[in-house]
Amino acid sequence: MKPPNLTGVSEFLLLGLSDDPDLQPLFFGLFLSMYLVTVLGNLLIILAVISDSHLHIPMYIFLSNLSLTDVSFSTTTIPKMLVNLQTHSKSITYAGCLTQLTFFSLFAILESLLLTVMAYDRLVAICHPLHYLVIMNPRLCGLLVLVSFSISLLTSLIHYLMVSQLTFCAKVEVPHFFCELSQLLNLSCSDTFINNILIYFIGAILGGVPLSGIIYSYTRIISSILRVSSSDGKYKAFSTCGSHLTVVCLFYGTGLGVYLSSTVSSSHRRGAVASVMYTVVTPMLNPFIYSLRNKDIKSALWRIIIRKA
């Protein structure tokens, strides 16, 4: 069912990263390559977890869900940008814009919550190793993923309803390469005061609470690691969460960078360029971070390659 169009607007124009026609082929090749690497890398992680029974433990179950989220996150924005670059068109339909906005919110929030769940998983594994499989049982793991998805879905639907009730002015040029919530609010002719308050409230809750949970988990983890007497034991304990900590820093670091760049700079295009980091680069790098620093994943991937050969 199509979303109700209360605006009289049939389409939006996504201005993208640059108006220079000479850069369009370069952007197309660059983002197509990055998207293919993202999809292939994350699908290999999922395949490795599914095919190797040794990886059927909570840590890798959560990792496969994160990889699926990364693929979905990139698919929400990049294919439409590639189509527009190839056809030299900037348009996106009203329904397509709302759909893109909804799924972008869904997978961005889901990624944040899954990273928090993975931090809790590492907390239990390092601080309570003898009870790890008892605490992180399949039922709890499934419940954590389901709750994360439900919260993300509910929040994305709130964003959808907020935008679907707005009216827009004649000029509907979005200075971005996808339909981003704050940009759509800026284009609206409606009073968006309540919407902005709601966005900041939701952002504070769904940004602050997961980040606080991650910080608390790693505070406990570091405290537990420091009590280990041997240096080998410390290294082994920290190596199990090093990849996750790197991904957390990359995700929240790039997100914070985008927020600061949009606050400091008045140029919306610069904010769009900065957004490439967390919408495109971060999902692409995650498989490399986990595979290069994880012997179990590398072994599983090699077994898949040898089996196919």
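Leu 106 touches Phe 149, Ser 152, Leu 153 and Ser 156, leaving aside residues up to four places away in sequence. The model is predicted. Leu 106 belongs to helix H3, which spans residues 94-127. Its relative accessibility is 5%. Leu 106 therefore counts as buried, since the cut-off for that class is under 20%. Between the C-alpha atoms of Leu 106 and His 131 the separation is 33 Å. These two residues lie 25 places apart along the chain.

The strands come next. Three of them form an open sheet, ordered S2-S1-S3, with mixed pairing. Strand S2 (91-93) and strand S3 (173-174) are the edge strands, and each pairs on one side only. Strand S1, residues 11-14, pairs with S2 in the antiparallel sense. Within it, Phe 12 stands opposite Ile 92 of S2. H3 packs on the sheet and touches both S1 and S2. The direction of H3 makes about 85° with that of S2.

The surface was also examined for nonpolar patches. One such patch is formed by Leu 154, Ile 158, Leu 198, Phe 201, Ile 205 and Val 209. Together these residues have about 530 Å² of accessible area. Helix H5 (138-164) and helix H7 (193-226) are the elements that each give two or more residues to the patch. H7 gives the most, with four residues. Leu 198 is located in H7. Its relative accessible area is 31%, so Leu 198 is classed as partly exposed.

Conventions: Residues are numbered from 1 along each chain as its sequence is written. This is a predicted model: local features need pLDDT of at least 70, side-chain atom pairs count only at pLDDT 80 or more; totals for chains, interfaces and linings use all residues. Side-chain values use heavy atoms; hydrogens and water are left out. Buried means under 20% relative accessible area, exposed over 50%, partly exposed in between (1.4 Å probe, protein chains only). Contact means heavy atoms within 4.5 Å. Patches are made of residues with over 30% relative accessible area and no salt bridge: like charges are joined within 9 Å, nonpolar side chains (Val, Leu, Ile, Met, Phe, Trp, Tyr) within 5 Å. Accessible areas come from the Shrake-Rupley method with a 1.4 Å probe; for residues, only the protein chains shown count as cover. A salt bridge is a side-chain nitrogen of Lys or Arg within 4 Å of a carboxyl oxygen of Asp or Glu. Two strands pair if DSSP finds at least two bridges between them. Axes are lines fitted to C-alpha atoms, for helices over the stretch in contact, and angles run from 0 to 180 degrees between N-to-C directions.
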